[in-house]
Amino acid sequence: MSDISLPGKIIAVHLNYRSRAAQRGRTPATPSYFLKPASSIAASGSELERPAGTELLAFEGEIALIIGRPTRRVSPEDGWAAVSGVTAANDFGVYDLRAADKGSNVRSKGGDGFTPIGARIIPADAVSPDALRVRTWLNGELVQEGTTDDLLFPFGQLVADLSQLLTLEPGDIILTGTPAGSSVTQPGDLVEVEVDAPTAPDAPSTGRLATRITEGTVPFGDFGTKPAVDDLQRSEAWGTPPAPAAPGFVLTDELRAQLLSVSTATLSSQLRKRGLNNVSIDGLSSTRPDAKLVGRAKTLRYLPNREDLFAAHGGGYNAQKRAFDALGPGDVLVIEARGERGSGTVGDVLALRAQVAGAAGIVTDGGVRDLAIVAALDIPTYHAGGHPAVLGRKHVPWDADITVACGGAAVQPGDVIVGDADGLLVIPTALVEEVVADALEQEREEEFIAEQVAAGATIDGLFPMNAEWKDRYRVWLTQQ
């Protein structure tokens with residue numbers, strides 16, 4: 001079969017692959033749907049315009065079911081019999097317009113050409129619904145692969161569920177969901193989707209459904225909702241899961257204030273007492289040595305530059321830009337740059353973005369571009385030196401929200417970062433409260449000791465305090 005007629009209706013499933021549900025962090029108990037207009041259908045080899053003023057045009061490779069007969073109130077066991085064929089589809093959507101739809105996806109997924117379908121149809125009687133596979137390539141790189149044994153809701157169940165309320169008619173199309181790996185396209189990208197049955201006789205295939213992305217030139221008017229994005233939309237469009245939160249720990253305002261009140265020298269000694277000697281981020285200078293830094297770590301990792309990897313991962317809304325856009329109040333972005341100072345790892349625009357987002361600081365063991373401008377910002381940036389070169393000279397922005405190495409220290413997302421003129425420390429969240437409590441006590445003791453030394457006392461027996469001096473210290477505490 002190769003003829004795909006214009007359908008009366010296109011019904012799409014919101015979420016139907018376990019891999020995609022895990023990526024989104026939610027697993028529905030029953031299927032839910034939205035409609036796409038027939039005018040969104042496009043053929044293989046077509047071009048799709050990314051609307052002017054948008055940035056998040058995402059692809060979703062899917063298996064499309066083509067209904068072959070009028071179907072009303074069938075059972076899940078009989079649902080597959082209503083399908084005449086399957087083919088490849090791409091459920092494109094513009095995340096910039098999701099806010100206008102509230103789940104209906106009318107504008108975000110209903111645009112002209114937003115449902116490429118084809119290139120060929122596999123007859124339903126030639127394959128088992130449990131043995132199909134869908135794959136997606138972005139510029140020749142395989143980015144999605146899912147099989148029907150990963151479905152939350154089998155095809156027969158979808159047909160039965162929908163037919164409870166509406167008649168499915170010949171030519172109607174059901175888009176059955178996308179596996180993990182959906183992401184964002186850029187103008188010039190080529191997206192290809194194929195559905196096949198690799199274990200069936202003759203391994204039938206639809207061939208690759210190809211769509212070339214172009215840049216739109218006509219802006220949206222002022223008479224409707226305009227494109228808008230936020231961190232959640234960017235995260236979901238790019239397929240980047242949020243950083244896992246450390247269970248049971250909150251950096252409260254009180255804890256933050258206590259950490260700001262003690263020095264890293266004191267905190268370091270308390271960590272050393274607990275066997276942690278390798279928690280300092282070394283060799284960096286601060287643009288604001290007079291400012292204390294306290295916050296939760298978010299992380300970003302760069303790989304050594306390799307031209308083909310930078311071509312694939314360095315442009316567009318890459319890991320670096322996503323990491324900076326994901327920063328929120330109190331976050332500290334910690335960047336692994338392997339101690340490489342031969343190019344910038346952050347510049348004035350991204351540093352300003354971090355400051356506007358309310359981040360507490362930036363830490364990189366690489367170079368900083370526009371150092372004078374970055375240093376003039378309120379947000380402290382710890383760095384290995386200035387350098388005028390751009391990122392791609394030495395680095396590929398690779399991934400975020402993973403454990404990284406920075407300045408000789410391992411840093412995990414969620415760790416507490418504390419910095420001052422003496423340097424930077426990484427405090428595991430499980431130890432923060434007890435380290436802070438003991439650090440406060442240590443600094444009270446040291447305040448007492450300093451007073452005694454200033455008054456002429458000798459060090460012997462006082463630092464550290466013997467029993468006699470501890471008694472005097474307890475009396476001193478009652479007088480404070």
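The legends below describe close-up views of a predicted model. In this predicted model local features need pLDDT of at least 70 and side-chain atom pairs count only at pLDDT 80 or more, while totals for chains, interfaces and linings use all residues. Residues are numbered from 1 along each chain as its sequence is written, and side-chain values use heavy atoms, with hydrogens and water left out.

View 1. Helix α4 spans residues 155-163, and seven of its nine residues are buried, so the helix is largely enclosed by the rest of the structure. Buried means under 20% relative accessible area, exposed over 50%, and partly exposed in between (1.4 Å probe, protein chains only). Helices (H or I, at least four residues) and strands (E, at least two) are DSSP runs, numbered from the N terminus. The buried residues of α4 are Phe155, Gly156, Leu158, Val159, Ala160, Leu162 and Ser163. Among the elements covering them are β1 (10-13), β2 (33-36), β6 (61-67), α2 (76-79), β7 (83-90) and β12 (173-175).

**View 2. The largest nonpolar core.** A nonpolar core is a set of buried Ala, Val, Leu, Ile, Met, Phe, Trp, Tyr and Cys residues joined through side-chain atoms within 4.5 Å. The largest one has 32 residues, and Ile63 and Leu65 have the most contacts inside it. Two or more residues come from each of β1, β6, β7, α4 and β14 (190-196). Helix α4 gives the most to this core, with four residues. Apart from this core lies another, of 21 residues, including Leu300, Ala354, Ala357 and Leu391.

**View 3. Contacts of leucine 65.** Contact means heavy atoms within 4.5 Å. Neighbours within four places in sequence aside, leucine 65 is in contact with Trp80, Val83, Gly85, Val86, Phe155, Val159, Asp172, Ile173, Ile174 and Thr176.

**View 4. Strand pairing.** Two strands pair if DSSP finds at least two bridges between them. An open sheet of three strands has the order β8-β5-β13, with antiparallel pairing. Its edge strands are β8 and β13 (184-185), each pairing on one side only. Strand β5 (residues 57-58) meets β8 over two bridges in the antiparallel sense, and leucine 57 has valine 94 of β8 as its bridge partner. Elsewhere, strand β3 (residues 41-42) runs parallel to strand β9 (residues 115-123), joined by two bridges; here isoleucine 41 stands opposite threonine 115. Strands β7 and β9 pair in the antiparallel sense over four bridges, with alanine 88 opposite glycine 118 in β9.

**View 5. Leucine 138 in strand β10.** Leucine 138 lies in strand β10 (residues 133-138) and is buried, with a relative accessible area of 17%. Leaving out residues up to four places away in sequence, leucine 138 touches Phe59, Val143, Val184, Thr185, Asp189, Leu190 and Val191. Aspartate 189 is 51 residues away from leucine 138 along the chain, yet their C-alpha atoms are separated by 7.0 Å.

**View 6. The second largest pocket.** A pocket is an open set of points, on a 1 Å grid over the protein atoms alone, where a 1.4 Å probe fits, with protein on both sides within 12 Å along at least five of seven lines; lining residues have an atom within 4 Å of a point. The second largest pocket has a volume of about 480 Å³, volume being the space filled by probe spheres set on the points. Its lining has 29 residues, of which His14, Arg24, Arg26, Arg98 and Asn105 lie nearest the centre. The elements that give two or more residues to this lining are α1 (18-24), β8 (93-94) and α3 (106-109).
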